[in-house]
Amino acid sequence: MSATLTAAPPPATRLEHALEIRGLFKEYTAGKPVLKGIDLAVAAEGITAIIGPSGTGKSTLLRCINRLVEPTRGEIRLRGTELTGLRGRDLRLARRRIGMVFQEYNLVERLTVMENVLSGRLGYVPFWRAWLRKYPEADIQRAFMLLDAVGLPEHATRRADALSGGQRQRVGIARALMQRPEILLADEPTSSLDPRTAVEVLELLAKLTAAENVPVIINIHNVDLAKRYARRIVGMAGGSVIFDGPPEALQTHHLQAIYGGEDWL
Amino acid sequence: MSATHPSPEAARRVAFAPNWPMRLALLAIVAYAIWASSRLGLSWDRLGHGLGEGGRLLARMVPPNFERWGLLLEGMLESLQIAVLASAIGIAISLPLGVLAARNLSPWWISGPVRAVIAVCRSLHYVIVAILFVKAIGFGALAGTAALVVASVGFIAKLFAEAIEEISMKQVEAIRATGAGVMKVLAYAVLPQVASRFIGFCLYQLDSNLRNSTLVGIVGAGGIGGTLFAAFKRFDYDFVAAILLSIIALIFLAEIISGRVRAALR
């Protein structure tokens with residue numbers, strides 16, 4: 001499917017862009033692209049939700065941005081910095097500007113909650129400070145502030161593997177915000193959580209990123225949650241963007257085009 | 001027909017296929033064992049004769065003779081020093097080697113050669129390595145220590161690498177995404193996942209080095225082994241018994257201590 005079913009010009013394009021993606025291709029095996037020329041500009045604020053069936057390249061798209069996955073070709077610009085082709089120190093300096101929240105939280109299980117939150121500063125502090133846990137006082141203050149904000153004020157010294165799923169994702173959000181990121185990528189952040197916890201975590205993510213003016217790109221399976229929290233929905237299918245517009249514009253026929261079939265609706 | 005009643009065909013179906021290769025292999029092993037023991041002259045007569053000789057040796061070992069305790073203590077302490085030093089140096093070398101050999105963290109052109117080095121360290125028995133070192137750098141504790149360092153590297157560097165290959169890469173990915181470099185990823189994402197297993201391996205290697213350090217002396221590489229070998233050659237079987245009892249006591253002590261440490265880490 002190649003035609004973009006754009007319902008209305010996304011309001012986001014009028015604002016300054018935090019992230020611009022142009023002509024992004026990714027092939028894990030040569031000749032079989034997972035991403036087929038993605039063009040996407042993300043505004044400097046608000047939540048952009050990417051929806052689409054499993055295996056359509058949503059995770060690959062997010063991972064190309066912070067280069068956990070190497071794009072095959074295309075451009076990705078973070079506030080003017082070209083991210084593709086960065087290596088070594090330059091890549092690390094770019095990564096620390098991009099926060100990421102993962103589906104399975106990806107906390108370091110055997111470290112404490114505080115160590116996990118402070119690991120968000122690893123791109124900023126020298127190795128010896130990280131090794132000896134001698135973080136700058138300002139970082140520690142911010143870590144406690146974020147733990148309060150995500151509702152885990154008493155858990156700083158507990159090990160991450162002692163927490164529940166919802167608590168872990170809260171720590172994951174605190175770790176990402178600890179980076180003071182210019183953009184936050186969230187890859188299915190609520191898919192491993194029960195429905196009520198999912199809403200609570202998403203609510204928290206929306207509130208904190210709005211308070212800190214961090215734009216968010218979120219991959220999400222739950223279309224209702226996407227419509228509720230995002231100001232813009234991007235629908236992907238078969239490695240291409242086939243819908244891009246505000247939540248109100250997302251109609252049944254768009255969903256049929258994105259997910260295929262109609263019996264499930 | 002209701003689904004819960006087996007049909008006549010179902011009764012004839014086989015739930016477990018006969019494993020003919022396994023049956024044939026077992027048969028072959030038994031046949032080979034019988035043939036090999038007849039070739040080696042292992043008969044009940046030979047066994048009875050051997051047991052009689054063994055009884056005479058045991059009789060001469062009792063009571064153990066601790067009169068030369070000074071010599072015994074000196075040898076035991078040297079063995080202990082060899083074991084502790086070899087373990088410490090071996091662990092220090094194995095840590096970086098283990099990381100470099102782990103195929104999930106190192107590119108193949110690094111992990112391949114490093115794995116080869118570790119395999120070479122493993123391939124020769126430590127007594128052979130000890131003989132080589134005695135010939136190369138002379139009699140004494142240095143040769144024994146060097147031999148056990150090689151053995152330790154061959155063993156724990158491989159275990160380190162395998163432990164690192166089993167870690168969750170999701171945690172590594174998350175730490176990488178914060179902009180952390182190699183050393184910070186090792187300190188925050190890899191080490192926390194493997195630290196307790198590493199300590200277990202190190203304790204195990206210390207145990208094993210204690211045992212091995214009592215033997216390298218036999219080839220002249222220092223420690224209680226030399227004293228033991230000399231006592232055997234002079235037919236001082238009561239002193240031999242004293243040495244063996246001391247070794248057993250040392251190993252037991254080491255096992256108890258390392259068991260306690262391991263339990264505390266869990």
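**Briefing: a two-chain predicted model**

In chain B, the centres of domain 1 and domain 2, taken over C-alpha atoms, are 34 Å apart. Domain bounds here come from an automatic or database domain assignment. This is a predicted model, where local features need pLDDT of at least 70, side-chain atom pairs count only at pLDDT 80 or more, and totals for chains, interfaces and linings use all residues. Residues are numbered from 1 along each chain as its sequence is written, chains are lettered from A and ligands numbered from 1 in the order in which they are written, and side-chain values use heavy atoms, with hydrogens and water left out.

**Chain B layout**

- The two domains of chain B are domain 1 (18-61) and domain 2 (69-265).
- An unreviewed UniProt entry annotates "transmembrane region" at residues 20-38, 80-102, 185-206, 212-232 and 239-257 of chain B; UniProt positions follow the numbering used here, feature names are shortened, and annotations may be inferred rather than shown by experiment.
- Residues 80-102 of chain B are 96% helix and 0% strand, with the end C-alpha atoms 32 Å apart; for secondary structure, helices (H or I, at least four residues) and strands (E, at least two) are DSSP runs, numbered from the N terminus.
- Residues 185-206 of chain B come out as 100% helix and 0% strand, and their end C-alpha atoms lie 28 Å apart.
- The unreviewed UniProt entry also puts "domain: ABC transmembrane type-1" on residues 76-258 of chain B. That span is 83% helix and 0% strand, and its end C-alpha atoms are 19 Å apart.

**Where chain B meets chain A**

- The contact (heavy atoms within 4.5 Å) involves 20 residues of chain B and 30 residues of chain A.
- About 2,100 Å² is buried between the chains, with carbon and sulfur atoms giving 63% of that; buried area is the accessible area (1.4 Å probe) that two parts lose on being put together, summed over both.
- Thr178(B), Lys184(B) and Tyr188(B) supply 32% of the area that chain B buries against chain A, more than any other three residues.

- Lys184(B) sits in helix H9 (residues 182-213) of chain B.
- Lys184(B) counts as buried because its relative accessibility is 13%; the cut-offs are under 20% relative accessible area for buried, over 50% for exposed, and partly exposed in between (1.4 Å probe, protein chains only).
- Beyond its neighbours within four places in sequence, Lys184(B) is in contact with Leu122(A), Val125(A), Pro126(A), Phe127(A), Ile175(B) and Ala189(B).
- A polar atom of the Lys184(B) side chain lies 2.7 Å from the backbone oxygen of Leu122(A).

**Chain A: two domains**

- Chain A splits into domain 1 (1-79 + 182-265) and domain 2 (110-180), and the centres of these domains are 27 Å apart over C-alpha atoms.
- Their contact uses 13 residues from domain 1 of chain A and 12 residues from domain 2 of chain A.
- The area buried between these two domains is about 1,000 Å², 71% of it from carbon and sulfur atoms.
- On the domain 1 side of chain A, Leu204(A), Leu208(A) and Glu212(A) lose the most area to domain 2, together 44% of what that side buries.

**Chain A: the sheet**

- Four strands make an open sheet in the order S2-S1-S4-S5 (chain A), with antiparallel pairing. S2 and strand S5 (81-82) of chain A are at the edges with a single partner strand each, so one side of each has no neighbour in the sheet.
- Strands S1 (residues 17-29) and S2 (residues 32-43) of chain A run antiparallel and are joined by nine bridges; two strands pair if DSSP finds at least two bridges between them.
- S1(A) and S2(A) form a hairpin with two residues between them, and Gly31(A) in the turn has a positive phi of about 85°.
- Across that pairing, Leu19(A) is opposite Val42(A) in S2(A).
- S1(A) also pairs with strand S4 (residues 73-78) of chain A in the antiparallel sense, over five bridges, and Ile21(A) has Ile76(A) as its bridge partner in S4(A).

- Most residues other than glycine have a negative phi, and most peptide bonds are trans.
- The peptide bond from Val62(B) to Pro63(B) is cis, with omega near -5°; Pro63(B) is in the loop between helix H3 (44-61) and helix H4 (69-101) of chain B.
- Arg133(A) has a positive phi near 60° and belongs to the loop between helix H4 (127-132) and helix H5 (137-149) of chain A.
- Phe235(B) also has a positive phi, near 60°, in the loop between helix H10 (224-233) and helix H11 (237-265) of chain B.

Conventions. Polar contact = N/O pair within 3.5 Å; in protein donor to acceptor, adjacent residues only side chain to side chain.
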